[in-house]
Amino acid sequence: MADKEIRHSIMIHAPIETVWAEITKVGTKQRAQLDSVLDTTFVPGDPLYYKSEDGSRIFMVGRVLVCERPTTFSHTQVLTMRDDPLTVVTWSLEAVDGGTRVTLINSGWPADAKMDKVDSTWLGILTSLKTVIETGDVSGKQKVSLALMRTFMFMMPAKKKADRVSVPD
């Protein structure tokens, strides 16, 4: 059985360096990435985490595969809330007339994987990325969703706590 992938592209009306800076921003929340904080060195083989702002919860963990500024950022990922397999996320940026074409590929899914929820999450992240870069913030609807997520963070499963998440090989 062949592996499946999620693939989406979006045009962002901003220079490639601006888009790259937002996708690879570390140490502070990324509005488009559901207010998570990226923690990594960008060195291939090193760990990568998307954490809560206070660092107590980890939403995604993986390892850096490729980081070629400002065009390619690829890493493995395991979503800590789901029982998904280790997959690969690749962000490809291309400078085009009027801005930057961003292509996101999430590959390595088994043929029988249920990917609807992950697919819709990636679409939401790309839409939010465009909105954040072009307007300076997420939409009003997204702000409400993010506020609710922060309010109920304490109810998230213990397996998401930073001291209970290990980096996959």
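Analyst: Leaving aside residues up to four places away in sequence, Val102 touches His8, Ser9, Ile10, Ile12, Val19, Ile23, Trp91, Ser92, Leu93 and Leu126. The model is a predicted one.

Val102 belongs to the largest nonpolar core, a set of 31 residues, in which Val102 and Trp91 touch the most other members. E1, H1, E4, E5, E7, E8 and H2 each give two or more residues to this core. The largest share comes from H2, with seven residues. In soluble globular proteins, nonpolar side chains tend to be buried together.

The strands come next. The chain has three helices and eight strands, and along the sequence they follow the pattern β-α-β-β-β-β-β-β-β-α-α. The eight strands make an open sheet with antiparallel pairing, in the order E1-E8-E7-E6-E5-E4-E3-E2. Its edges are strand E1 (4-12) and strand E2 (29-30), each of which pairs on one side only. E1 is joined by nine bridges to the antiparallel strand E8, residues 99-109. Within this pairing, Arg7 stands opposite Ile105 of E8.

Two helices lie across the sheet strands. Helix H1, residues 16-23, lies across E1, E2, E3, E4, E5, E6, E7 and E8, and runs at about 160° to E7. Helix H2, residues 116-135, lies across E1, E6, E7 and E8, at about 15° to E1.

Charged pairs also occur in these elements. A search of the whole structure finds five salt bridges. One of them joins Arg7 to Glu5, with the closest N and O atoms 3.0 Å apart; Glu5 is partly exposed, at 39% relative accessibility. Another joins Glu17 to Arg69, with the closest N and O atoms 2.9 Å apart. Because Glu17 lies in helix H1 and Arg69 in the loop between E5 and E6, this pair ties together parts 52 residues apart in sequence. Glu17 is partly exposed, with a relative accessible area of 36%, while Arg69 is exposed at 58% relative accessibility.

A further salt bridge, between Asp39 and Lys51, has its closest N and O atoms 3.0 Å apart. Asp39 is in strand E3 and Lys51 in strand E4, so the pair ties together parts that are twelve residues apart in sequence.

Terms used. Residues are numbered from 1 along each chain as its sequence is written. This is a predicted model: local features need pLDDT of at least 70, side-chain atom pairs count only at pLDDT 80 or more; totals for chains, interfaces and linings use all residues. Side-chain values use heavy atoms; hydrogens and water are left out. Helices (H or I, at least four residues) and strands (E, at least two) are DSSP runs, numbered from the N terminus. Two strands pair if DSSP finds at least two bridges between them. Contact means heavy atoms within 4.5 Å. Axes are lines fitted to C-alpha atoms, for helices over the stretch in contact, and angles run from 0 to 180 degrees between N-to-C directions. A nonpolar core is a set of buried Ala, Val, Leu, Ile, Met, Phe, Trp, Tyr and Cys residues joined through side-chain atoms within 4.5 Å. Buried means under 20% relative accessible area, exposed over 50%, partly exposed in between (1.4 Å probe, protein chains only). A salt bridge is a side-chain nitrogen of Lys or Arg within 4 Å of a carboxyl oxygen of Asp or Glu.
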